[in-house]
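Please read these notes with the structure open beside you.

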Amino acid sequence: MTDTQAATIPAPAPAPDRQPLLRVTGLTRHFPIHSGLMRRQTGAVRAVDGIDFTVNAGETLGVVGESGCGKSTMGRLVTRLDEPTAGKIEFEGTDITHLGVGAMRPLRRDIQMIFQDPYSSLNPRHTVGTIVGAPFRLQKAEPEGGVKKAVQELLELCGLSPEHYNRYPHEFSGGQRQRIGIARALALRPRMIVADEPVSALDVSIQAQVVNLLDDLQRELGLTYLIIAHDLSVVRHVSDRVAVMYLGKIVEIADRDSLYRAPMHPYTTALMSAVPVPDPRRRQSGGRERILLKGDVPSPINPPSGCRFRTRCWKAQEICATQEPPLVAATAGHQVACHFPENAVTGDGARASA
Amino acid sequence: MTELQKTPARAAAPAGGGEPYLSVRDLRIHFDTDDGLVRSVDGVSFDLAKGRTLGIVGESGSGKSVTSLGIMGLHRSKRARITGEIRLDGEDLVAAGPDRVRELRGREMAMIFQDPLTAMHPYYTVGQQIVEAYRVHHPQATKKQARARAVEMLDRVGIPQPDRRVDDYPHQFSGGMRQRAMIAMALVNDPSLLIADEPTTALDVTVQAQILDLIRDLQEEFGSAVIIITHDLGVVAELADDILVMYGGKCVERGPAETLFDSPEHPYTWGLLGSMPRLDRELQERLVPVKGTPPSLINVPSGCAFHPRCPYAALTGGRSTEETPGLTEVAPGHHAACHLALSERHRIFTEEIAPRL
């Protein structure tokens with residue numbers, strides 16, 4: 001079984017020689033806080049606070065983190081739905097950081113987004129045909145054979161029936177609505193899709209259908225994904241590389257296998273150990289070592305000095321409070337921002353000693 | 001579920017020792033709507049002893065939350081038609097009047113809701129809400145005593161500086177703390193039955209782990225019976241002693257947690273287990289989803305409600321489309337409602353399903 005599995009698992013997209021499709025450097029987004037009579041700025045929510053990463057063509061980068069870590073804001077910045085405070089976003093070598101709405105429009109064909117909630121991301125007054133056909137209208141694109149035919153093909157591609165063309169969103173279940181959202185995102189044959197929690201609103205059995213659909217579409221159309229999710233097992237399933245965010249920073253970014261087999265940042269280790277395992281025996285045998293993080297994520301208005309995770313980290317020392325650990329490559333393709341990274345082995349030894 | 005199934009179910013129950021504290025028999029909760037009769041819960045039976053945890057799993061719309069609200073007596077009687085038996089410590093709640101149920105609610109049985117931000121009143125402080133819950137059932141307690149009790153409970157559920165936080169409003173708490181506060185509110189009267197409806201779904205994994213730990217500790221301490229309702233098989237595996245799988249308003253499989261995870265009998269349970277990406281297993285190339293979508297509860301498919309989605313429906317010789325399968329005991333305490341012959345089921349499971357899990 002393992003042999004056949006190993007053989008069929010698609011190798012993480014190699015090609016480090018290719019130019020990355022998306023390159024993000026020092027991306028920052030601070031939401032100002034105004035208070036007082038004069039509405040002066042008194043502070044800022046540092047939602048995204050200087051992150052760097054690249055996404056290569058054809059690969060999937062998964063972004064995980066707890067709520068409030070800035071992963072969704074990051075997605076909105078990359079798709080230019082929000083204006084970055086600082087930093088640079090390059091798409092295929094073009095700087096798109098501060099492009100205006102008009103200048104951005106041609107690029108919207110290439111970057112599309114799938115939203116989390118299939119109930120609020122579809123206009124209830126529009127038919128499926130209108131919704132999925134909207135990108136054609138907005139971009140004044142004339143698909144071959146007309147918009148209707150193109151929409152019906154898209155619906156079929158996403159596992160819906162072409163007869164659904166004239167129906168309204170409320171007639172569909174959550175999973176089907178998410179498929180409509182995916183069909184809309186695919187309409188203009190984008191190069192890259194940013195999916196913000198694409199399956200978290202769906203039931204388990206339906207979740208698997210949508211995950212497989214995303215997988216198939218990537219293979220068929222050569223898509224590049226940036227998938228934002230909080231579910232570590234889903235992210236492991238869909239991603240080639242994974243970035244872990246904490247309080248507006250990337251704390252670890254690595255190839256999927258290397259990250260899940262040997263997480264280096266204590267936060268990643270804790271996050272993984274917190275995932276409930278569907279195996280009651282583990283609980284009874286007491287053989288599970290779970291790292292229980294204390295308390296909550298600190299406020300991004302006043303993030304802790306130095307390493308932001310230090311207030312909840314069991315390995316924290318003095319240096320962690322004074323010096324911020326940079327995101328550096330620990331091994332090939334595995335970057336981590338920690339003064340005391342876990343062992344390159346499974347991290348078991350380090351966990352035991354801690 | 002016919003009379004036939006009641007006997008083995010009763011016989012299998014006293015695993016926890018003695019009479020079950022909560023005993024549900026053939027519970028049906030139907031709602032009249034403009035579109036027709038919604039059979040949200042259609043003949044569910046189970047037993048739960050004190051100190052035990054029952055996990056109810058199922059997709060949205062499978063009737064799991066309606067069951068729990070039915071036990072708590074939280075359905076409006078005008079719209080909802082409730083039949084069957086819910087015995088709490090021997091007393092039938094379906095037959096009891098609303099006033100009697102109100103006396104029991106909060107004192108003998110309490111509930112933790114999914115979203116603490118909507119379940120708590122934004123206008124009152126957390127302390128006021130806990131105090132209210134306490135004084136309703138302890139009319140002789142003074143305000144001071146009730147407040148002391150609220151602080152004690154907040155402390156017990158792990159809220160730092162409880163004497164100060166007791167005067168905070170719900171919005172001043174983080175998601176995890178709000179859920180803790182709600183647990184404190186539920187436990188303030190030492191209920192013997194605690195129902196947690198998706199208690200961690202709105203929370204992050206790290207906080208979820210804290211809350212699951214807390215529920216487990218509190219149960220050990222108070223020895224109450226717990227029902228945990230969730231769609232996450234990982235969460236039930238963490239907490240539950242027994243598991244009940246619901247589909248289309250019916251119980252399709254029920255059994256001890258370990259048996260259910262090791263040798264699940266129902267194709268729907270296989271589907272649930274197979275469609276879940278797991279961190280504790282080798283990476284699979286593809287997930288195996290359950291095809292189709294959950295059924296409408298107005299037009300529940302004939303026969304076995306799962307048959308339109310079941311890959312093995314053809315093997316039953318048409319029975320699955322015509323005849324509703326009853327729960328039958330396949331192993332001690334383990335029941336499943338499936339038309340497939342036992343040997344056939346075991347063959348499919350060992351040959352096709354088990355290697356994938």
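1. In this predicted model, 48 residues of chain A are in contact with 49 residues of chain B, where contact means heavy atoms within 4.5 Å. The size of an interface is often given as the accessible area lost when the parts come together. Chain A and chain B bury about 4,500 Å² between them, and 54% of that is on carbon and sulfur atoms. Buried area here is the accessible area (1.4 Å probe) that two parts lose on being put together, summed over both.

2. The rule finds one salt bridge across the interface of chain A and chain B. A salt bridge is a side-chain nitrogen of Lys or Arg within 4 Å of a carboxyl oxygen of Asp or Glu. A:Asp216 forms a salt bridge with B:Arg286, with 2.8 Å between the closest N and O atoms.

3. By class, the side of chain A that touches chain B has 20 nonpolar, twelve polar and 16 charged residues. Ala, Val, Leu, Ile, Met, Phe, Trp, Tyr, Cys and Pro count as nonpolar, Asp, Glu, Lys and Arg as charged, and the others, Gly among them, as polar.

4. A:Cys69 counts as buried at 3% relative accessibility, and A:Cys320 is buried at 6%. Buried means under 20% relative accessible area, exposed over 50%, partly exposed in between (1.4 Å probe, protein chains only).

5. A:Thr28 is buried too, with 11% relative accessibility. A polar atom of the A:Thr28 side chain lies 3.0 Å from the backbone oxygen of A:Gly26. Leaving out residues up to four places away in sequence, A:Thr28 touches several residues, including A:Val48, A:Leu77 and A:Pro84.

6. On conventions: residues are numbered from 1 along each chain as its sequence is written, and chains are lettered from A and ligands numbered from 1 in the order in which they are written. Local features need pLDDT of at least 70, side-chain atom pairs count only at pLDDT 80 or more, and totals for chains, interfaces and linings use all residues, while side-chain values use heavy atoms, with hydrogens and water left out.

Technical notes. A polar contact is a pair of N or O atoms within 3.5 Å; within protein, one must be able to donate a hydrogen and the other to accept it, and residues adjacent in sequence count only if both atoms are side-chain atoms.
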